[in-house]
Amino acid sequence: MKIYYSDESHILIMGKVRLTWLGHSCFEVRSRSRLLIDPFLDNNPAATVRSGEVETDFIAVTHGHFDHLGDTVSIARRIGCRVFCIHELSQYLRSRGVLTEGMNIGGTIKLQDLAVTMTPACHSSSIDEAGHLFDGGKAAGFIIRTGGVCIYHAGDTGLFRDMQLIGDLYKPDVAIIPIGGRYTMDANDAALAVGMLRPKITIPMHYNTYEHISQDPHIFSSEVKKVSDANVVILDVNGHICIKAKDC
Ligand code: ZN
């Protein structure tokens, strides 16, 4: 399957799936339905979109840390949308009046035109609510299949060898990878991840939001070129690409 994509500098190719970066790890996947991943907006120094303005059909949360769970509770309560997340996090969210679709590593949920599969991530998880820590279960990533396109959002993670398996099993067209270092992979490890995942397009995330995760995405770009023929798309905040699968 050939995948076409465009970014702001290219002619828009009748996008089947539109992928927008809202800053840090927050992305919107828009096909017939809309999925918002890790909506950390109001307290995100890199984001300009506010939680009160977003509309979505579903939210997916990779883990409980504040910069990923973010504004999930207020958005989900306002809209009444369901949240895909790991079992322990879904129990917490349910206790806060949020509709959830609890799941766990390796499982898939199909709703409307979306299939969301939870993948492992090499990271921790907890929920901090006004100084009280709740069990966040395990940290995760997601494989999202919609509109004939497969997108891997790695969540927060260090490099792990099973990314090869994720590449073999799901053949992601797009891999969204953290590159900020300190809490996740840095640009060099992230390039090795792309070598194992073998996507057609890769997009860096989780960098330059704070000083201690400052990173030059062009280092990632040049490292990726050494190990893979993936197109590296460095998005600006609120920038997007449109992806269309030829035979869908
Ligand atoms: Zn984290």
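Two strands count as paired when DSSP finds at least two bridges between them. With that in hand, here's a quick tour of this predicted model. Strands β8 and β9 make a hairpin with two residues between them, and both belong to an open sheet of seven strands.

- Reading across the open sheet, the seven strands come in the order β8-β9-β12-β13-β14-β15-β16, and the pairing is mixed.
- The edges are β8 and β16 (231–232), each of which pairs on one side only.
- In general, strands of a sheet pair through backbone hydrogen bonds, and they can do so parallel or antiparallel.
- At the β8 end, strand β8 (residues 108–111) pairs with β9 in the antiparallel sense, over four bridges.
- If you want a landmark in that pairing, look for Lys 110, which sits opposite Ala 115 in β9.
- In the turn of the hairpin, Gln 112 has a positive phi of about 50°.
- Strand β9 (residues 114–120) is mostly covered, with five of its seven residues buried.
- On to the next pairing: β9 and strand β12 (residues 140–146) are antiparallel too, joined over six bridges.
- Here the landmark is Met 118, which faces Phe 142 in β12.
- For a parallel pair, go to strand β14 (residues 174–178) and strand β15 (residues 201–205), which are joined by five bridges.
- In that pair, Ile 177 stands opposite Pro 204 in β15.

**The largest nonpolar core**

- As a general point, nonpolar side chains in soluble globular proteins tend to be buried together.
- In this model, the largest nonpolar core takes in 70 residues.
- The residues with the most contacts inside that core are Ala 60, Ile 151, Val 174, Ile 176, Ile 177, Ala 190 and Val 194.
- Helix α5 is the top contributor to this core, giving six residues.
- Ile 176 is a handy one to click on: leaving out residues up to four places away in sequence, it touches Phe 27, Ile 151, Tyr 152, His 153, Ala 154, Ile 203 and Met 205.

**Helices α4 and α5**

- The axes of helix α4 (residues 163–170) and helix α5 (residues 187–197) come within 7 Å and cross at roughly 35°.
- That crossing is right-handed.
- On the α4 side, the contact is made by Met 163, Gln 164, Ile 166 and Gly 167, and α5 supplies Ala 193, Met 196 and Leu 197.
- Sorted by class, this contact has five nonpolar residues, two polar ones and no charged ones.

- Ile 75 is in helix α2 (residues 72–79).
- Ile 75 has 23 other C-beta atoms within 10 Å, so it counts as buried; the cut-off for that is 20 or more.
- Not counting residues up to four places away in sequence, Ile 75 touches Pro 39, Ser 51, Val 54 and Ile 59.
- Ile 59 is 16 residues from Ile 75 along the chain, and their C-alpha atoms are separated by 8.9 Å.
- Ser 222 lies in helix α6 (residues 217–227).
- Ser 222 is partly exposed because it has 13 C-beta neighbours inside 10 Å; a residue with 12 or fewer would be exposed.
- The C-alpha atoms of Ser 222 and Val 232 are separated by 9.0 Å, and the two residues are 10 apart along the chain.

Methods
Residues numbered from 1 in each chain as written. Predicted model: local features only at pLDDT ≥ 70, side-chain atom pairs only at ≥ 80, totals over all residues. Axes fitted to C-alpha atoms, helices over the stretch in contact; angles between N-to-C directions. Left-handed = near helix turned anticlockwise from the far one by under 90°. Contact = placed C-beta atoms within 7 Å. Nonpolar A, V, L, I, M, F, W, Y, C, P; charged D, E, K, R; others polar. Core = buried A, V, L, I, M, F, W, Y, C linked by C-beta atoms within 7 Å.
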